[in-house]
Amino acid sequence: MKWKIGDTCYFVENNYKIIQATVTAVHGDFCVVKYGPNAGIRLRASRLYQTPEEAHNSRIYHHQNHSNPYFYDH
């Protein structure tokens with residue numbers, strides 16, 4: 001998808017947290033997104049998703065959001 005300035009997108013941080021952001025600039029295959037009050041990052045367009053469900057499905061490990069990350073299945 002071609003992203004435009006002002007579009008709302010979602011990306012995955014540390015393969016764990018899904019963050020909502022707004023596209024502020026597009027330069028080729030890279031997009032600058034703003035999230036939070038004073039935070040921004042430049043990401044490839046392939047790492048941006050239209051819905052939180054798409055971002056969730058792109059994660060490698062699908063652990064529950066409210067589970068302890070140190071829980072080991074013994």
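Student: In the hairpin of S1 and S2, which residue takes a positive phi?
Tutor: Asn-14 does, with a value near 55°, and the hairpin has three residues between the strands. Helices (H or I, at least four residues) and strands (E, at least two) are DSSP runs, numbered from the N terminus. The model is predicted: local features need pLDDT of at least 70 and side-chain atom pairs count only at pLDDT 80 or more, while totals for chains, interfaces and linings use all residues. Residues are numbered from 1 along each chain as its sequence is written, and side-chain values use heavy atoms, with hydrogens and water left out.

Student: Is Asn-14 buried or exposed?
Tutor: Asn-14 counts as exposed, at 72% relative accessibility. Buried means under 20% relative accessible area, exposed over 50%, and partly exposed in between (1.4 Å probe, protein chains only). Asn-14 is not a glycine, yet has this positive phi.

Student: What about Asn-15: what is its phi?
Tutor: Asn-15 also has a positive phi, of about 55°, although it is not a glycine. Asn-15 is found in the loop between S1 and S2 and is partly exposed, with a relative accessible area of 23%.

Student: How do S1 and S2 pair?
Tutor: S1 and strand S2 (residues 17-27) pair in the antiparallel sense over six bridges. Two strands pair if DSSP finds at least two bridges between them. Within this pairing, Cys-9 has Ala-21 in S2 as its bridge partner.

Student: And which sense holds for S3 and S4?
Tutor: S3 and strand S4 (residues 39-44) pair in the antiparallel sense, over six bridges. Cys-31 stands opposite Leu-43 in S4. The hairpin of S3 and S4 has three residues between the strands, and Gly-36 takes a positive phi near 70° there.

Student: What is the overall pattern along the sequence?
Tutor: The protein chain reads β-β-β-β-α, with one helix and four strands.

Student: Moving on to aromatics: how many aromatic pairs does the structure hold?
Tutor: The structure holds one aromatic pair. Phe-11 and Tyr-35 form this edge-to-face pair, at 5.4 Å centre to centre and 70° between the planes. Rings of Phe, Tyr and Trp (its six-membered ring) pair if their centres lie within 6.5 Å; planes under 30 degrees apart count as stacked, over 60 as edge-to-face and the rest as tilted.

Student: Which parts does that pair tie together?
Tutor: Phe-11 lies in strand S1 (residues 8-13) and Tyr-35 in strand S3 (residues 30-35), so the pair ties together parts that are 24 residues apart in sequence. Phe-11 counts as buried, at 4% relative accessibility.

Student: Which charged end sits over the ring of Phe-30?
Tutor: That of Arg-42, 4.5 Å from the ring centre. The criterion is that NZ of Lys or CZ of Arg is within 6 Å of the ring centre and within 35 degrees of the ring normal.

Student: Now the helix. Where is Ala-55 placed?
Tutor: Ala-55 is in helix H1 (residues 52-58) and counts as buried, at 0% relative accessibility. Not counting residues up to four places away in sequence, Ala-55 touches Tyr-10, Val-12, Ile-18 and Tyr-49. Contact means heavy atoms within 4.5 Å.

Student: What separates the C-alpha atoms of Ala-55 and Tyr-10?
Tutor: They are separated by 6.6 Å, although the two residues are 45 apart along the chain. For Ala-55 and Phe-11, 44 residues apart along the chain, the C-alpha separation is 6.1 Å.

Student: Where does Tyr-10 lie, and what is it in contact with?
Tutor: Tyr-10 lies in strand S1 and is buried, with a relative accessible area of 17%. Leaving aside neighbours within four places in sequence, its contacts include Ile-18, Arg-47, Tyr-49, Pro-52 and Ala-55.

Student: Last one: what share of the protein chain is buried?
Tutor: Buried residues make up 23% of the 74 residues. Among contacts between residues at least 6 apart in sequence, 33% join residues at least 24 apart.
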